[in-house]
Amino acid sequence: MTTETQAGSVHQVLLAVSVLVFKFVAPMQTVPLGNSTLKATRLAYGCWRVAGTWERERVTPQARASGVQAIITAHEAGYKFFDLADIYCDGVSEEIFGQARRKVRALQRSAVIATKCGIRPPNSPEGAPYRYDFSANHIMKSCDASLKRLGAERIDIYQLHRPDYLMDPDEVAKAFTKLKKAGKVKHFGVSNFSPSQVVLLQSALKQKLLVNQVEISLSQLGPLEDGTLDQCLAEKITPMAWSPLGGGHLGDGARQVLPSQEGYRAGKIRRALDKLAREHGVSRGAIALAWLLRHPARIIPIVGTTKPARIQELAQADNIELTREQWYALFTAARKTDLP
Ligand SMILES: NC(=O)c1ccc[n+]([C@@H]2O[C@H](COP(=O)([O-])OP(=O)(O)OC[C@H]3O[C@@H](n4cnc5c(N)ncnc54)[C@H](OP(=O)(O)O)[C@@H]3O)[C@@H](O)[C@H]2O)c1
């Protein structure tokens, strides 16, 4: 065995031991969402991939069962915040979450549920293109359909998935007010909104937007520089980070990613992550999440793995506090150019 393989094996053993020890320590820390009194765990579990495919007709009973197990594992590992969308596997992800809720009562009591609407698949109805739809009618109908699939009486945070080019803020405001009055939604948020789009929508709303869910990771640094995180800090909006491992590029490799993520290069970043992972006795993924957690805007990374062991070991990020120097070492490894 080479020295390198020996070091690798020692790291694997340390990792396994630390996951075991971690299971018996304090529950995951929580943070307030936006300016509200609602609290959520610092890591969310994302249900985009829990059906094992993105197409409803390809979902098998075994895949559904694995999805339910992934959600239950996440809950037991301390994640009490779950992110979904009506479009994830054409509603199957929400159905799987509903199944998990029926199976585990504690999920009904303690899980904060965030889901989304506003993206419409093609051919719904027949002949229609893929599009975004923030019409009041679509928002209201989507909410009812999500509640049914989730088996829930209320959604904690209802998010608009991607900015509709035809968004009429007053119309959205009317839909939000009706949903809130009907007790179907507690709070609202947005996803993939630019800072100016947040200002525009907020100007028409009675309720304060609690979250803006955007892609942030060492593979996607945009929100650190385009004003998104500045606005989150200034307006007390919680940033949620989707694809915190760049869809897998920052972990052990990506299986299925969005077209925009295909070109991500991670070699240099992984080497920088591995160095810190060895020092902390955790996985490189946990360090990538800790990098997000270190930001003062209180970013909530949305963990997307479907593998129980990975769900558990990534929860360790909650216990890691990177120093400014460690944060910058990762940041500079991730940047295309040197800091000015
Ligand atoms: N608002 C939006 O527009 C939007 C867009 C995309 C996602 N999201 C949300 O963000 C969540 C997370 O996104 P994501 O799934 O792309 O997150 P991610 O954590 O960046 O990527 C997870 C993927 O990486 C793979 N992976 C490879 N090596 C890994 C390792 N060592 N550890 C962990 N995962 C590893 C996983 O495969 P295995 O499953 O085999 O482990 C999985 O396919 C979604 O579930 C969804 O809730 C939102």
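Visitor: Where do I start? What does the secondary structure of the chain come to?

Guide: Count the elements. This predicted model has 13 helices and 12 strands.

Visitor: What radius of gyration does the chain have, and what would a compact globule have?

Guide: Compare the two values. A compact globule of 340 residues would come near 20 Å. The chain has 20 Å, so the two agree. For the extents, take the principal axes: the C-alpha trace spans about 65 × 50 × 40 Å.

Visitor: How do I read contacts along the sequence? What share join residues at least 24 apart?

Guide: Take contacts between residues at least 6 apart in sequence. Of these, 73% join residues at least 24 apart.

Visitor: Now the inside and the surface. What percentage of the residues are buried?

Guide: Buried residues are 55% of the 340 in the chain. The accessible surface comes to about 16,300 Å². Carbon and sulfur atoms hold 53% of that surface.

Visitor: And the charges? How many are positive and how many negative?

Guide: There are 45 positive and 32 negative charges. Their mean positions lie 5 Å apart.

Visitor: How should I read a nonpolar core? Which residues touch the most other members?

Guide: The general idea: in soluble globular proteins, nonpolar side chains tend to be buried together. Here the largest nonpolar core has 89 residues. Tyr-45, Ile-71, Tyr-79, Phe-97, Ile-139 and Trp-291 touch the most other members. Helix α11, residues 284-293, gives this core its largest share, 8 residues. Apart from this core lies another, of 15 residues, including Leu-38 and Ile-300.

Visitor: Take Phe-97. Which residues is Phe-97 in contact with, leaving aside neighbours within four places in sequence?

Guide: Its partners include Cys-47, Ile-71, Phe-82 and Leu-84. Leu-107, Ala-111, Ile-113 and Leu-150 are also in contact with Phe-97.

Visitor: Next, the backbone. Which peptide bond is cis?

Guide: Most residues other than glycine have a negative phi, and most peptide bonds are trans. Here the bond from Ser-124 to Pro-125 is cis, with omega near 0°. Pro-125 is in the loop between β6 (119-120) and β7 (131-132).

Visitor: What is the phi of Cys-89, and what is that of Asp-90?

Guide: Cys-89 has a positive phi of about 50°. Asp-90 also has a positive phi, near 50°. Cys-89 sits in the loop between β4 (81-83) and α3 (92-103). Asp-90 is in the loop between β4 and α3 as well.

Visitor: Is Cys-89 buried or exposed?

Guide: Check the relative accessible area. Cys-89 has 2%, so it is buried. Asp-90 has 43%, so Asp-90 counts as partly exposed.

Terms used. Residues are numbered from 1 along each chain as its sequence is written. This is a predicted model: local features need pLDDT of at least 70, side-chain atom pairs count only at pLDDT 80 or more; totals for chains, interfaces and linings use all residues. Side-chain values use heavy atoms; hydrogens and water are left out. Helices (H or I, at least four residues) and strands (E, at least two) are DSSP runs, numbered from the N terminus. The radius of gyration is taken over C-alpha atoms; the globule rule is 2.2 Å times the number of residues to the power 0.38. Buried means under 20% relative accessible area, exposed over 50%, partly exposed in between (1.4 Å probe, protein chains only). Contact means heavy atoms within 4.5 Å. Accessible areas come from the Shrake-Rupley method with a 1.4 Å probe; for residues, only the protein chains shown count as cover. Lys and Arg count as positive and Asp and Glu as negative; His and the chain ends are not counted. The place of a charge is taken as NZ of Lys, CZ of Arg, CG of Asp or CD of Glu. A nonpolar core is a set of buried Ala, Val, Leu, Ile, Met, Phe, Trp, Tyr and Cys residues joined through side-chain atoms within 4.5 Å.
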